[in-house]
Amino acid sequence: MMDIQPARLTHNARQLRLDTLVRLRWLAIAGQAVAVAVVRFGLGFELPFGLCFSVIAVSAVVNLMLRIEYPASHRLSDNAATVLLAFDTLQLAGLLYLTGGLENPFAILFLAPVLISATALTPERTLGLGLLVIGLATLLTLAHRPLPWVPGQPLSLPFLYVTGIWTAILLGTVFIGIYAWRVAEEARQLGQALAATELVLAREQHLSQLDGLAAAAAHELGTPLATIALVAKELDHATPADSPTAEDLKLLREQVERCRTILTKLTSMGQEEGDFLETISLQHLVEEIVEPQRALDFDVRVLCHGEGPEPMARRNPGVVYGLSNILDNATDFAETHVTLEATWTPQEVSLEIRDDGPGYAPDILLRVGEPYVTTRSAAKRIEGDAEEEGGSGLGLGLFIAKTLIERSGAQLTLTNAVPPDHGAIARIVWPRHAFDQGAAILPQADKGEGLTEEGNNSHI
C-alpha cells in the first residue's frame, strides 16, 4: 500500500478561519446592541446602558483589530482560537452580570463558544472552555446586578429556579460539547479517508497508463534511432576495415540494433496487448489479484463457475487495487489457506473471498469498512508501524477498498462464517449489466464513438 499519512491529507482540517470567528462576532455584537437598545428604549426598563455598550464596544474593537492585522483567509492556531473563544465567553459573562445574571434569558448563549470549540478544537480545549463556562455561570448565580424590569416592580426569581437554569447550562454544555465533537470528528475522518482513497486511485490509474506511455515513447524514439543507424552504417562502409574507428562503429551499430529491438517490444506490447489491458475476463481478473500471493507461496484456492458465457469487463485499476487489498487482508489473518470463488449468472457477477482465520471481532463486525476501524490488534499495529510507515494499521485499507469497489456499481458485504466454520467472508456482487457495460462499449470507444460518462463510471 502506498505511503498514506491521513494527518497530512487535511492538515488544516481543525484550524478555524479567522474570518469565520470575526463574522460570528459581528453577528453577536449586532444582536447584543439591538437587545440592549430595545430593553432600554423600547421597553423602558432601567439598566446600566453605558456600561453595557462599553462591554459591547470592547468586542467590536477586538474585531476591528483582528480584521486590520490579519487577512480574511488567515487560519487560527489552536491557542489563538481558544483565547478568542474564551474572550467571547468572558465578554458575554460581563454583559450578563450587568443585566441579571442567569435570570437573563440570553444566558443560553453561553453554549455558543463551547459548540464552536467542539467542532474545531481538540477535546481538551473544549473541556477547558466548558469548565470556564460552568465557572462563570456559577459566579453569575451568586453575584449579578438586578434583571431589568418594570420600574417599581423588581423581579427576583427563586434561587431554586436559578439553580435549575445553572443545571440546564451545565448539562447543555456537556451534551452539546460531546455531540458536536463526535459529529465533527466523524466528518473529519471521512474527509481524510476519502482523500486517501483519491490518492490511491490516482496512483493506480497512473500505473495502468504506463504501458501506453511506453508505446508512445517507443514510437517517438523510432525515427531518430533509425537516423542514427543509417549514419552509422554509412560511416562503417566509408571506413577501412583496419581503421581504429572500425571497432567503435561496429559496437555503435550493435547497440543501435539492441535499442531498436527493445523499442519494437515496447511498441508491440502497446498494440498487441492493448485490448487485453483494456478488456479483461472474470477469470483473468481473479488471476491478476491472486498471482502476487502465489508468488509468496501462499495457498489461495480459486474456484470459477457460472451460467452462460463468462463475463467480460473493462479493466479498472481501482477495482483491481480494492480486490487485492481485501485478498491481502484475508491472507494476513488466514491460518492455512484462502478461498476465492467467482460465480456468475445472467443477472449478477460475484466474488467471494473466504479465509480460515479467527474472523472479525464482534465489537467491530458492525462497523468494519468504516474509516479508522481497524481489524488488527494493538500488538499487530505496533509491529506493522515498526516495519512500514503511512496508513498501515489505521483501518483505511478496507475503507479504501470498499469505496473503490462500490464506485464500480458493486455491493461489498463483510461477515463472519457461520459456525462450526470460522473465518471472515468478503462478498462482492455486481449486477451483470454493470460488470459487462465497460466491455460492451469498448469497440466503439476504440473508434472514438459512444464512450459515455456512464460507461466510464461503471466499468470494472
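**Entry 1: a term to begin with**

I call a residue buried when its relative accessible area is under 20%, exposed when it is over 50%, and partly exposed in between. Arg-301, with a relative accessible area of 42%, is therefore partly exposed. I also remind myself that this is a predicted model.

**Entry 2: the partner of Arg-301**

I looked up which residue forms a salt bridge with Arg-301, and found Asp-299. The closest N and O atoms of the two are 3.2 Å apart. Asp-299 has a relative accessibility of 34%, so I write it down as partly exposed too. The salt bridge count for the model comes to 11.

**Entry 3: a bridge between two strands**

Next I went to Arg-354, which forms a salt bridge with Glu-341. Here the closest N and O atoms are 3.1 Å apart. This pair links distant parts of the chain, with Arg-354 in strand S5 and Glu-341 in strand S4, 13 residues apart. Glu-341 is buried, because its value of 19% is under the 20% cut-off.

I then saw that Arg-354 and Glu-341 belong to a network of salt bridges. Glu-348, Glu-352 and Arg-427 are linked in that network as well.

**Entry 4: a bridge inside a helix**

The side chains of Asp-436 and Arg-432 meet in a salt bridge, at 2.6 Å from N to O. How are Asp-436 and Arg-432 placed in helix H16? They are four residues apart in this helix (residues 432–440), so about one helical turn separates them. In general, an α-helix has 3.6 residues a turn, so residues three or four places apart point the same way. Asp-436 is partly exposed at 22% relative accessible area, while Arg-432 is buried at 11%.

**Entry 5: the largest nonpolar core**

I turned to the largest nonpolar core, which has 35 residues. Those with the most contacts inside it are Leu-323, Ile-326, Leu-351, Ile-428 and Trp-430. Several helices and strands each supply at least two residues of this core, among them helix H11 (282–295), helix H15 (396–407) and strand S7 (424–431). Helix H12 (317–333) is another on that list, and H12 gives the most to the core, with six residues.

I picked Leu-323 and looked up its contacts, leaving aside neighbours within four places in sequence. They are Leu-285, Ile-289, Leu-351, Ile-353, Ile-405, Ile-428 and Trp-430.

**Entry 6: a check on H12**

Why can I call H12 largely enclosed by the rest of the structure? Because 15 of its 17 residues are buried. I also checked its length: at 1.5 Å a residue, H12 should span 24 Å. Its end C-alpha atoms are 25 Å apart, which agrees.

Most peptide bonds are trans. Pro-420 lies in the loop between S6 and S7.

Trp-26, Leu-64 and Ile-68 make a nonpolar surface patch of about 320 Å². Where is Trp-26 found? It is in helix H2 (residues 18–42). Trp-26 has a relative accessible area of 33%, so I count it as partly exposed.

Notes
Residues are numbered from 1 along each chain as its sequence is written. This is a predicted model: local features need pLDDT of at least 70, side-chain atom pairs count only at pLDDT 80 or more; totals for chains, interfaces and linings use all residues. Side-chain values use heavy atoms; hydrogens and water are left out. Patches are made of residues with over 30% relative accessible area and no salt bridge: like charges are joined within 9 Å, nonpolar side chains (Val, Leu, Ile, Met, Phe, Trp, Tyr) within 5 Å. Accessible areas come from the Shrake-Rupley method with a 1.4 Å probe; for residues, only the protein chains shown count as cover. A salt bridge is a side-chain nitrogen of Lys or Arg within 4 Å of a carboxyl oxygen of Asp or Glu. Buried means under 20% relative accessible area, exposed over 50%, partly exposed in between (1.4 Å probe, protein chains only). A nonpolar core is a set of buried Ala, Val, Leu, Ile, Met, Phe, Trp, Tyr and Cys residues joined through side-chain atoms within 4.5 Å. Contact means heavy atoms within 4.5 Å. The expected span of a helix is 1.5 Å times one less than its number of residues.
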